[in-house]
Amino acid sequence: MEKQTITIYDVAREANVSMATVSRVVNGNPNVKPATRKKVLEVIDRLDYRPNAVARGLASKKTTTVGVIIPDVSNMFFASLARGIDDVATMYKYNIILANSDGNDQKEVSVLNTLLAKQVDGIIFMGHRITDEIRGEFSRSKTPVVLAGSIDPDQQVGSVNIDYEAATKDAISLLARHGNEKISFISGALIDPINGKERLEGYKKALSEYNLTYNEGLIFESNYSFKEGTQLVDRLLNSGATAAFVTDDELALGILDGLLDHGVKVPEEFELITSNNSLLTEVSRPKITSLTQPLYDIGAVAMRLLTKLMNKEETEEKTVILPYGLEEKGSTRKQ
């Protein structure tokens with residue numbers, strides 16, 4: 001008999017007990033005689049029976065699985081969030097199905113529908129923006145959704161983040177206090193509301209506070225990769241900038257590498273601040289000054305919020321803002 005054809009019926013027949021008894025053993029119900037439990041477990045082991053989560057889900061209306069949509073599993077920012085999600089999921093006895101969307105709008109919809117087809121009890125979405133299409137899918141499915149490290153400008157979907165506007169304002173203010181008059185803003189796509197609304201607004205407010213002119217020639221959009229960072233340096237230096245705020249650590253590392261290749265001294269001639277304080281900021285030379293985000297906690301709190309929504313518990317607030325900091329390292333000058 002092939003492994004995949006083993007059912008609860010086969011176990012019950014082999015152990016000479018009812019299917020209800022097998023179910024009680026599988027689910028850890030104490031109302032089974034020790035001798036019967038031992039016999040059933042021996043048959044389960046011998047037949048290599050594995051309970052069908054989908055079938056159990058149809059009976060209980062729950063599969064105890066959560067779908068996690070992640071734009072780039074290799075990016076340390078999202079990997080740290082995923083670790084927090086997984087640890088809390090394990091604590092509450094949920095299984096995780098991790099799906100990579102490549103940050104592609106159409107693939108996000110496809111991946112979401114694949115997860116919903118698997119009858120997941122909830123979704124944690126990490127994406128650069130909430131498109132109308134993905135919002136429509138969220139609404140139609142009725143499955144609870146929480147955003148982690150992503151924002152919903154309409155605040156219709158639960159989310160866990162930091163205050164990106166205030167954090168960016170603090171970073172730009174530090175660079176302005178150091179006498180930099182041309183400070184570059186380097187981010188992912190500005191269509192992403194975290195970049196184009198929250199962070200950019202913080203950038204503008206800091207410039208205004210220090211009487212610095214906003215110049216679109218200092219704004220750069222880029223993919224989040226080391227290579228893109230190195231390739232951006234010529235344009236960055238031609239802009240006249242003497243400092244930059246970058247919204248991704250790998251991108252910032254590429255910019256640092258490119259600056260050093262051009263013979264630019266960091267931080268003496270050019271100052272750099274990044275956003276996520278990942279391991280990359282520590283292994284670079286000089287170490288990169290960074291905003292600090294509680295990445296693990298963002299993932300963990302998002303998963304905890306999702307468990308409340310899935311179990312219809314009371315939630316005080318669906319939009320959670322966690323604290324941030326700014327850690328000065330070697331890529332900014334000491335004043």
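Student: What does the accessible surface of the chain come to, and what share of it belongs to carbon and sulfur atoms?

Tutor: This is a predicted model. Its chain has an accessible surface of about 16,400 Å², and carbon and sulfur atoms account for 48% of that. Of the 335 residues, 49% are buried.

Student: How many helices and strands does the chain have?

Tutor: There are 13 helices and twelve strands. The C-alpha atoms fill a box of roughly 80 × 35 × 35 Å along the principal axes.

Student: Which residues of helix H1 are buried?

Tutor: Start with the general idea. An α-helix has 3.6 residues a turn, so residues three or four places apart point the same way. Now the case here: H1 covers residues 8-15, and its buried residues are Asp10, Val11, Ala12 and Ala15. Their cover includes helix H2 (19-26) and helix H3 (34-47). After H1 comes Asn16, with a positive phi near 60 degrees.

Student: Which residues touch the most other members of the largest nonpolar core?

Tutor: In soluble globular proteins, nonpolar side chains tend to be buried together. In this chain the largest nonpolar core has 70 residues, and those touching the most other members are Ile124, Ile186, Tyr203, Ile255, Phe270 and Met303. Helix H13 (residues 295-310) gives the most to this core, nine residues.

Student: What does Tyr203 touch, leaving out residues up to four places away in sequence?

Tutor: Tyr203 touches Thr168, Ile172, Ile183, Ser184, Phe185, Tyr214, Leu218 and Ile219. There is also a second, separate core of 16 residues, with Val109, Val120, Phe138 and Val157 among them.

Note on methods. Residues are numbered from 1 along each chain as its sequence is written. Side-chain values use heavy atoms; hydrogens and water are left out. Helices (H or I, at least four residues) and strands (E, at least two) are DSSP runs, numbered from the N terminus. Buried means under 20% relative accessible area, exposed over 50%, partly exposed in between (1.4 Å probe, protein chains only). Accessible areas come from the Shrake-Rupley method with a 1.4 Å probe; for residues, only the protein chains shown count as cover. Contact means heavy atoms within 4.5 Å. A nonpolar core is a set of buried Ala, Val, Leu, Ile, Met, Phe, Trp, Tyr and Cys residues joined through side-chain atoms within 4.5 Å.
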